[in-house]
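Here is a short briefing on a predicted model. Please look over the sequence and the structure first; the notes follow, grouped by topic.

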Amino acid sequence: MDQNLQFKQSSHLHPALSDPTTRRWSADKLIGRWLNTNRETQGLAEFVIEQDGDRFNVSAVGVGTDGPIDWPRTRAKPLANLEEEAGQRAPALAATFDLGFMKAEIQIRVNKGVLVIVLFITFLDDSGRSNYVNREFFYRPD
Amino acid sequence: MQFAQICDRVEVNDGTGRPLDLSAFPGKWINSNPDTNGIARLVISESGGKLLVQVLAIGPDGLIDWGTTDLNLFAATPLSRIGAGFIGVYDFGFAETRLQGSIVKGLLVLAQFHRFKDGSRRVDYFVREYFAMTHGRY
């Protein structure tokens with residue numbers, strides 16, 4: 001690692017960050033269709049992750065009153081997942097769904113075969129609802 | 001009221017406009033991992049109804065003070081007025097670090113998104129770290 005690199009913490013100089021193999025995303029553990037582990041969820045029923053080369057797209061299906069609500073397909077940014085416990089080369093993903101009246105900034109990662117999604121939801125419609133954070137867990141149906 | 005998941009269809013009444021309860025946040029938060037190469041501690045303070053965070057990170061020659069930045073706050077549900085999470089951003093010029101924190105049973109789970117902007121070809125990375133507040137109660 002070049003010692004002239006700028007940093008704000010020692011992990012900014014982690015050798016893996018400059019290793020080209022780190023950038024070769026092994027996304028098999030992420031790609032596909034995921035279903036909420038909680039069949040009574042009032043949030044997201046389904047989540048889909050697609051890969052096109054180095055690009056990732058995500059989409060979701062929310063539980064609605066009269067059937068499912070499709071969330072728009074959105075670009076997701078891959079990030080190397082340096083968590084020691086991960087022990088896997090699957091990247092984490094960051095994405096923001098913009099639904100006009102609200103946006104959902106989300107983090108996506110796999111932990112031992114479970115897709116973990118943390119959503120930071122911001123309402124933009126002056127409805128008086130609190131912005132909130134929520135966590136959902138998903139499994140692969142196949 | 002628009003919603004994209006049914007849990008967001010709620011009846012908002014007397015709580016509208018009431019400020020969030022921020023009491024869970026202010027204090028000194030220490031990394032649970034004494035061997036971290038990332039953030040050693042956070043100092044969260046309240047000022048004028050807003051929260052600020054100061055990050056102190058591990059450097060080769062001691063702690064690196066990132067200075068302070070504002071936090072955007074999040075409750076636990078659309079009807080809750082109790083703060084449960086935050087987002088904050090540090091822009092260092094050569095890199096940007098986005099912090100997403102949530103408090104679970106007194107534990108601050110901090111997701112960090114590090115994005116390099118300096119052409120150094122370092123890969124952007126994600127890491128989570130865990131912090132406990134020093135409270136001196138036990």
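Two residues are in contact if their C-beta atoms, placed from the backbone, lie within 7 Å. Residues 24 or more positions apart make up 28% of the contacts in chain A that have a separation of 6 or more. The model is predicted, so local features need pLDDT of at least 70 and side-chain atom pairs count only at pLDDT 80 or more, while totals for chains, interfaces and linings use all residues. Residues are numbered from 1 along each chain as its sequence is written, and chains are lettered from A and ligands numbered from 1 in the order in which they are written.

**Chain A overall**

- Chain A has eight strands and zero helices. Helices (H or I, at least four residues) and strands (E, at least two) are DSSP runs, numbered from the N terminus.
- From the N terminus on, the order of elements is β-β-β-β-β-β-β-β.
- Along the principal axes, the C-alpha atoms of chain A fill a box of roughly 55 × 40 × 25 Å.
- Of the 142 residues of chain A, 39% are buried (20 or more other C-beta atoms within 10 Å of the residue's own, with C-beta atoms placed from the backbone).

**Strand pairing within chain A**

- Strands pair if DSSP finds at least two bridges between them.
- β2(A) (residues 44-52) and β3(A) (residues 55-62) run antiparallel and are joined by eight bridges. Asp52(A) stands opposite Arg55(A) of β3(A).
- Two residues lie between β2(A) and β3(A) in their hairpin, where Gly53(A) takes a positive phi near 65 degrees.
- β3(A) also pairs with β4(A), in the antiparallel sense, over six bridges. Phe56(A) has Ala76(A) in β4(A) as its bridge partner.
- The hairpin of β3(A) and β4(A) has six residues between the strands. In its turn, Gly67(A) has a positive phi of about 125 degrees.

**Contact between chains A and B**

- Chain A gives 42 residues to the contact and chain B gives 48 residues.
- On the side of chain A that touches chain B, two or more residues each come from β4 (69-81), β5 (92-98), β6 (102-111), β7 (114-123) and β8 (132-139).
- β4(A) supplies the largest share of that side, five residues.
- The residues on that side of chain A are 18 nonpolar, 18 polar and six charged. Asp, Glu, Lys and Arg count as charged; Ala, Val, Leu, Ile, Met, Phe, Trp, Tyr, Cys and Pro as nonpolar; the others, Gly among them, as polar.
- β4(A) pairs with β8(B) (residues 125-133) in the parallel sense over two bridges. Ala80(A) stands opposite Tyr125(B) in β8(B).

Technical notes: Buried ≥ 20, exposed ≤ 12 C-beta atoms within 10 Å, placed from the backbone.
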